[in-house]
Amino acid sequence: MKKIAAGMLALASFIFSAGAQETPNMKRSHHPHKHGMMMQELNLTADQQQQLKASRDNYQKQWLELNKNENITVKESRDKKDALRKEQKEKMMSILTSEQKNKLEQLKKDHEAKREALAAKRLDKMKTKLNLSDDQLAKIKSGNETVHAKAKAIREDDQLSRTEKKEKLMALKAETQTNLKSILTPEQISKLEELKKNRIEKRQAK
């Protein structure tokens with residue numbers, strides 16, 4: 001049973017990451033390289049770069065001050081950080097021109113398209129390795145699309161705090177794991193765990 005549970009978690013993580021992109025333990029700020037590459041393509045002026053740097057430095061300063069403040073509760077600190085993130089995003093967007101905002105949105109869409117293509121490729125490989133039936137594959141793809149839509153709605157809901165978003169995303173991931181149990185056979189789950197073990201051994205051997 002432990003092996004089956006581990007296998008379910010492995011595939012759930014695979015599908016959830018492919019569909020949701022951002023799991024409860026991930027932050028957008030954890031992708032500085034991707035964000036930096038996008039910003040480079042906006043052809044920022046020297047003045048814009050200076051303004052963005054000043055805004056980022058101020059944001060980091062306020063963040064550190066919140067971390068050092070022991071006179072507020074954890075919830076108060078969390079709420080203030082949520083407000084600070086929103087303020088920083090609004091400040092950044094206010095520095096960009098309309099053309100740059102449109103370009104940034106297009107870059108995000110392009111990145112999303114590439115992510116979806118990669119997810120589809122990985123799922124095709126998973127079909128071959130686990131010998132998934134067409135019906136199983138259709139159910140997984142449908143679940144993938146549902147997870148993606150739900151996760152996107154959660155991430156973009158400004159009425160939710162970051163903690164509430166995390167909780168909802170965690171619940172969504174648990175829901176994904178449960179749904180997978182009705183799709184894969186025990187043999188497929190065991191095979192998935194074996195593939196996972198082989199990948200880990202290959203990485204350790206390097």
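Leaving aside neighbours within four places in sequence, K81 is in contact (heavy atoms within 4.5 Å) with W63, L66 and N67. The structure is a predicted model, in which local features need pLDDT of at least 70 and side-chain atom pairs count only at pLDDT 80 or more, while totals for chains, interfaces and linings use all residues. Residues are numbered from 1 along each chain as its sequence is written, and side-chain values use heavy atoms, with hydrogens and water left out.

K81 is found in helix α4 (residues 74-95), where helices are DSSP runs of H or I with at least four residues, numbered from the N terminus. At 15% relative accessibility K81 counts as buried, a term that means under 20% relative accessible area with a 1.4 Å probe and protein chains only. The charged end of K81 sits over the ring of W63, 4.7 Å from its centre; for a lysine, this requires NZ within 6 Å of the ring centre and within 35 degrees of the ring normal.

W63 also takes part in the one aromatic pair that the structure holds. The ring centres of Y59 and W63 are 5.9 Å apart and their planes stand at 45°, so the pair is tilted, given that rings pair if their centres lie within 6.5 Å and that planes under 30 degrees apart count as stacked, over 60 as edge-to-face and the rest as tilted. Y59 and W63 are both buried, and both lie in helix α3 (residues 46-68), four residues apart, about one turn of the helix.

Definitions and conventions:
Rings of Phe, Tyr and Trp (its six-membered ring) pair if their centres lie within 6.5 Å; planes under 30 degrees apart count as stacked, over 60 as edge-to-face and the rest as tilted. Helices (H or I, at least four residues) and strands (E, at least two) are DSSP runs, numbered from the N terminus. Buried means under 20% relative accessible area, exposed over 50%, partly exposed in between (1.4 Å probe, protein chains only).
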